[in-house]
Amino acid sequence: MSASKDKINRRQQIEAGTDKRTIAAEKAAKERRKSTIQYVVIGVILVLFFAFIFLYNSSLPSRYTTAVTIDGQDYSVAEVNYYYSSSYMSFYNNYNSYIQYGMFFDPSQSLADQEYSEGVSWRQYFLDSAVDSMKEIQLLNKAADEAGFVLPETEQAEYEEAVESIRTNWADYGYSSLKQYINMNYGKGVTMEFIEEQLYRTYRASAYSQSVYDGYSYTNADHADDMDMFTYSYYYVTDETMDAQAVAAAVNGTSEEEFAAYLAENFEDAAPSTLTYAGSDLSDVYGDWLRDASRAPGDAAAITDEDGEATYVVMFLGRDSGDYATVDFRHILINAEDADGDGEYSEEEIAAAFDEAESLYEEWQNGAATEDSFAELANAYSEDGGSNTTGGLYENVYHGQMVEVINDWLFEDGRQPGDTTVVTNDGSYTGTHVVYFVGTSDMTFAQYQADTAMRSEAYSSWMEEAEAAAEVTTRHMGMCGKNH
């Protein structure tokens with residue numbers, strides 16, 4: 001991940017608030033060990049699309065009543081409402097597909113009446129997240145002051161663009177004035193001047209945190225058990241008639257294919273799953289067994305968890321130290337249009353997407369045919385939201401990270417900078433891709449993994465120490481987030 005992407009992600013995490021308590025966040029925790037910052041869309045911009053926060057008829061109590069004090073700094077009800085709104089909107093956008101199917105909470109009902117966990121409502125959860133955001137931004141700005149940190153020109157331009165977007169786009173969403181837009185989305189007491197101030201603090205906190213993160217310097221250390229990639233097949237035993245020890249003994253010393261064939265032949269509908277994970281992300285049940293230095297391909301064992309409630313038959317397939325160069329590439333994603341909405345793509349729909357991608361490829365070839373011109377097309381046409389603002393760029397890509405057809409092309413022997421192609425994944429459709437090979441990265445995958453993990457750990461420790469030393473006092477929190 002590039003420094004610029006890290007920077008964007010870090011700002012988004014700061015603005016959205018820490019999300020340590022949700023089921024979804026627990027699932028994402030493993031991903032945060034691989035990439036420094038959880039990717040969440042900027043709450044401030046999202047508010048352009050949603051209007052859920054309706055608060056007070058009078059702005060005076062909101063603007064002047066102190067709701068929380070963080071490290072000696074007083075914050076009003078209006079300020080908490082601002083961060084509450086951003087926290088809510090970020091969560092809603094990130095998990096709206098689940099929310100629409102009845103998970104988490106019902107956005108049409110008061111969050112104060114919906115339980116997040118025992119004794120804690122969803123309203124309280126978002127209030128806590130808001131305070132977490134405020135605390136992190138407060139501490140980062142304080143540290144930036146002490147370091148004499150000045151917002152870099154690039155981030156200053158991004159900040160000004162965000163402010164201008166709010167100032168000019170409110171009418172596009174049906175509001176009669178900027179004031180009405182702000183009141184409906186952030187609550188009474190919040191002004192444009194206040195939003196500008198908080199946006200600036202958020203951008204500055206993000207930029208300073210990135211400078212701290214970038215300031216750490218590491219070389220590849222001996223973290224093999226954590227950083228190596230382990231490939232294995234496993235079967236979770238649910239059939240009470242299955243003797244897991246006997247199965248493991250029968251397939252021990254064979255292969256992934258023979259493991260699958262044995263299960264299929266002897267147990268109806270039984271099939272193993274094959275996974276590849278970093279050592280630090282392996283299951284607590286069988287992770288130590290897989291990490292054993294004496295493990296050889298084909299080794300199999302039946303392993304039961306400490307509670308004796310879950311048993312797995314596991315086969316070790318391989319261990320990759322990651323001692324190879326990662327690669328950088330750009331791509332333009334064109335998705336087929338599912339015209340009938342049945343969730344499947346016809347051959348004609350896939351062919352139409354391929355033709356569109358081919359047309360873009362020809363347009364690039366007939367133009368300047370440079371990396372910069374490819375990046376311009378990616379920003380204009382790519383449907384990949386993770387890269388269509390950065391010229392389609394992905395950096396430090398490792399084996400197996402991308403869909404198979406892209407992975408195989410990127411790591412094909414003889415691949416040269418500037419190589420291009422148009423590909424569609426066989427089997428499960430993942431879109432059509434116009435791909436541009438930038439080149440090999442400066443780091444091997446092992447180095448990148450170790451560097452990222454150690455930087456993340458060092459930054460987290462630094463932030464936790466600052467948070468532990470900060471005193472937080474809440475007062476009139478009951479006035480915040482009134483209806484949501």
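I looked up Asp-145 to start: it is exposed at 51% relative accessibility. My scale calls a residue buried under 20% relative accessible area, exposed over 50% and partly exposed in between, with a 1.4 Å probe and protein chains only.

Before going on, I noted that this is a predicted model, where local features need pLDDT of at least 70, side-chain atom pairs count only at pLDDT 80 or more, and totals for chains, interfaces and linings use all residues. Residues are numbered from 1 along each chain as its sequence is written, and side-chain values use heavy atoms, with hydrogens and water left out.

**Salt bridges**

I next looked for the partner of Asp-145, and Arg-204 forms a salt bridge with it, with the closest N and O atoms 2.9 Å apart. Arg-204 is in helix α9 (residues 192-215) and Asp-145 in helix α6, so the pair ties together parts 59 residues apart in sequence. Arg-204 itself is buried, at 9% relative accessible area. For the record, a salt bridge here is a side-chain nitrogen of Lys or Arg within 4 Å of a carboxyl oxygen of Asp or Glu. Helices (H or I, at least four residues) and strands (E, at least two) are DSSP runs, numbered from the N terminus.

I found eleven salt bridges in the structure. One of them joins the side chains of Lys-142 and Asp-71 at 3.0 Å, N to O. Lys-142 lies in α6 (residues 122-147) and Asp-71 in the loop between β1 (66-70) and β2 (73-76), so this pair ties together parts that are 71 residues apart in sequence. Lys-142 is partly exposed at 37%, and Asp-71 is partly exposed at 25%.

I also checked Arg-330 and Glu-371, whose side chains meet in a salt bridge of 2.9 Å, N to O. Arg-330 sits in strand β9 (residues 325-334) and Glu-371 in helix α15 (residues 371-381), so the link spans 41 residues of sequence. Arg-330 is buried at 12%, while Glu-371 is partly exposed at 26%.

Asp-292, Arg-295 and Asp-299 came up as a network of salt bridges.

I moved on to strand β7 (residues 300-304). Four of its five residues are buried, so the strand is largely enclosed by the rest of the structure. It pairs with strand β8 (residues 311-320) in the antiparallel sense over five bridges; two strands count as paired if DSSP finds at least two bridges between them. Ala-300 stands opposite Met-315 in β8.

The two strands, β7 and β8, form a hairpin with six residues between them, and Gly-308 in the turn has a positive phi of about 70 degrees. Glu-306 is in the loop between β7 and β8, and I have it down as exposed at 86% relative accessible area.

**Positive phi outside glycine**

I wanted to know which residues other than glycine have a positive phi, and Asp-269 is one, at about 65 degrees. Asp-269 is in the loop between α12 (256-266) and β6 (273-278), and is exposed with a relative accessible area of 76%.

Ala-369 is another non-glycine residue with a positive phi, near 55 degrees. I placed Ala-369 in the loop between α14 (347-366) and α15, where the residue is partly exposed at 35%.
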